[in-house]
Amino acid sequence: MRNIKRKTGMAAAVLGISALVLTACGAAPEEGEGPNASSDYLGCIVSDSGGFDDQSFNESSFRGLTQAGKDLGFTPKSAESKANSDFATNLNGMMVADCNLTLTIGFLLGDATKAAAEANPEKHFAIVDFNYDKPIANVKPIVYDTAQAAYLAGYAAAAQSKTGKVATFGGIKIPTVTIFMDGFADGVDKFNADKNKNVKLLGWDKDKQDGTFTGDFEKQDKGKQVTNNFLDQGADVIMPVAGPVGKGAGAAVKAANAAGKSAALVWVDSDGFLTAPDYKDVMLTSVIKTMDKAVEDVVTADKNGQFDNTAYVGTLENTGVALAPFHDFDSEVSAETKAELEALKAGIIDGSIKVESKASPKS
Amino acid sequence: MSQSELSPGSPPPIHANTIDEKPHGTWERITRGPGLVSVLAVFVALVLGGLLIAATDPKVATTAGYLFSRPSDFFQALWAAGTDSYVSLFQGSIYNSRQGFEPFLETLTVSTPLICAGLGVALAFRAGLFNIGAQGQIIIGAVMASYAGFAWHLPIGLHLLLVILMGVVGGAVWGGLVGLLKARTGAHEVILTIMFNYVALYFLDFLLNTEAFQRPGESNPISPVMDPSAVFPALPGSRLHLGFVMAIALTLLVSWILKRSTIGFEFRAVGANPAAARTAGVNVARSTILVMALAGALAGAAGVAQVAGTEKVLTAGIAASLGFDAITVALLGRSTPWGTFLAGLLFGAFRAGAVTMQISTGTPIDIVLVVQSLIVLFIAAPPLVRAMFGLNRKAKSRPPTKPKHAAPAPAAPASQGGGA
């Protein structure tokens, strides 16, 4: 018995080794072949506890910094925070690593970034999705007036709804989430006022600033459950503002459509048709925040010695926020709606239409 | 050694025996004792972690592709991947040429809440209670302490004392409730503490959505910054704060409770055998409530170390994974106060060093969590570690030879004299 075991073991080992040998037969590269000499500029990034694979602002900011690194010839240093207590340590690590510009993500890093910036006045910082009451000389806030694009999404959703009910829900009730919901609510109201219709919005009450939240940005099954509730109540366009939890909503909508309904999804942050391809056939449109582009621009400007601390505010005008193309739904959205959306967009840009949210960037 | 053993002038046959017996005796005590197993577990986990780092390193993978045309590249890359990560782990946790011993201060800072919460878990372990509830106790402690810190404005000194008191009381109530429920209803403490963790977590989420716990004019779920009079004074130029002294004091206190006090004796008696303890006249119910309240108070102190030490604000992530790391720390420390203290320092060093490791070598921070988990795995299975180092075999093969040597009666006293 023992002998047999040993033999099988031997055979497995021989197989394994020969596999290793076979794969190890490649030719060695020329000596001295290394990455081309990079610049002495260094851009760094510290995530919040979502990590760089959060399918939301950490991920897209990281993408922007990586792209900037490719263009400018540096390999960005990155630090994921596992807990809030890591923020200060990670920022300190970036200071030791001699980063020229350190990017921090989210309001939770606001205090830590401020402290690091004050302790290192010669270093530059940029913080995504957070703005200070009093500007700090070496911190550039990158914020988004997301309500503008969400407004268009709300209008489009109301126009597309056959049941006369649309819905939205959030992950956690924080301003960067509720700003989507405020804009969406206003867009629905605008449609009702213009068309004399009565499309109802479930999941968010703008006046009370309260609605449906799943409680985190992780549990997809909760997103599925909430979405099923909305579908049962008759909603047929749903906008989840909850990062990866949106996938749960996607699964629920797909299942409902397979059972004969015709519901659709409005994705947020990035163009879901491209970033969440599993649900592309139910993706009406997306409310995009082009964080990667903004980050890339800020880093490039800093490299060229043009850093300033005025907040970058992403708007429809500077394409910092946008409504994604309809893709597969393009034929289903009427030309009339498309023209109206264009007109609304122009109106928001020239200021004749005001989209206001309690969570809008102050500056 | 041989000189000192010769000098007492013991008779030759016994003397020969002591040389043979003495090292084996000591060796056996160390290997049988839990201390070496803990050290070896850490060592094995580090080696495995190093291999894992090397295996996932892109440079190792590329050089493995042409292993036979230039093997030196592969082994260099393999060695570099493993060692670079640990070198930067060391540089981030103990010493580096640029910052001196500043990283070590950071290690002490990070380990402060781990030690406090670890002590709480260890104390409950000693009384035979598996306290999973440190997480919730930390949260409640942090909530109470931070509220006292930002909402009340009191004179310096008094304010901090009150913050500490609030945090400790908060944790003690949260832990004591579990003890009370267990003592009165017989509900299992594991289930109770897990559920109490959830209650605390969602209670914290709820509080952070109320205006009382938010900054004026903002709706982010983050509390106002605590008053300067409510936070631990920090060592200038570092994050190390007076909370670390509190952690040392608590270690001393727990050590005293377990070794010298009557309640400590009762805790240990209940932990060893509740039925026997009851027969011997120990009030088991009272002991259970008291030990859970004390464990909660210690975890509450960890919450205080978080809000009044490093964070200075209350957020939803205030307890991070401290409550669960504390269980690991208590296990590694074998539930002894000073063992827990040292284990807390080790984990603090891992956490502090992981940041530097992540930044300078790009090794994912999760590898540190893997190493931590491996340590627990090996500690939970001491025979596995002993088997790895061949310690079991020696112990097994020895008994037959033992009676032969152990026969002469005067051997034991002589060997003691030799060792002195």
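Visitor: How many of the 11 residues of helix H3 (residues 86-96) of chain A are buried?
Guide: Happy to start there, noting that this is a predicted model. Helix H3 of chain A is largely enclosed by the rest of the structure. The buried residues of H3(A) include A:Asp86, A:Phe87, A:Leu91 and A:Met94. Out of 11 residues, the buried count is nine.

Visitor: Are H5(A) and H11(A) roughly parallel or antiparallel?
Guide: Good one! Helix H5 (residues 147-160) and helix H11 (residues 335-350) of chain A pack with their axes 10 Å apart, at an angle of about 160°. Angles over 145 degrees count as roughly antiparallel. H5(A) is therefore, relative to H11(A), roughly antiparallel.

Visitor: Which element gives the most to the side of chain B that touches chain A?
Guide: Here 34 residues of chain B are in contact with 30 residues of chain A. Helices H4 (58-65), H13 (284-311) and H15 (337-361) of chain B each give two or more residues to that side. With six residues, the top contributor is H15(B).

Visitor: How many charged residues has the side of chain B that touches chain A?
Guide: That side has 13 nonpolar and 14 polar residues. The charged residues number seven.

Note on methods: Residues are numbered from 1 along each chain as its sequence is written. Chains are lettered from A and ligands numbered from 1 in the order in which they are written. This is a predicted model: local features need pLDDT of at least 70, side-chain atom pairs count only at pLDDT 80 or more; totals for chains, interfaces and linings use all residues. Two residues are in contact if their C-beta atoms, placed from the backbone, lie within 7 Å. Helices (H or I, at least four residues) and strands (E, at least two) are DSSP runs, numbered from the N terminus. Ala, Val, Leu, Ile, Met, Phe, Trp, Tyr, Cys and Pro count as nonpolar, Asp, Glu, Lys and Arg as charged, and the others, Gly among them, as polar. Axes are lines fitted to C-alpha atoms, for helices over the stretch in contact, and angles run from 0 to 180 degrees between N-to-C directions. Angles under 35 degrees count as roughly parallel, over 145 as roughly antiparallel, 65 to 115 as roughly perpendicular and the rest as oblique. A residue is buried if 20 or more other C-beta atoms lie within 10 Å of its own, exposed if 12 or fewer, and partly exposed in between; C-beta atoms are placed from the backbone.
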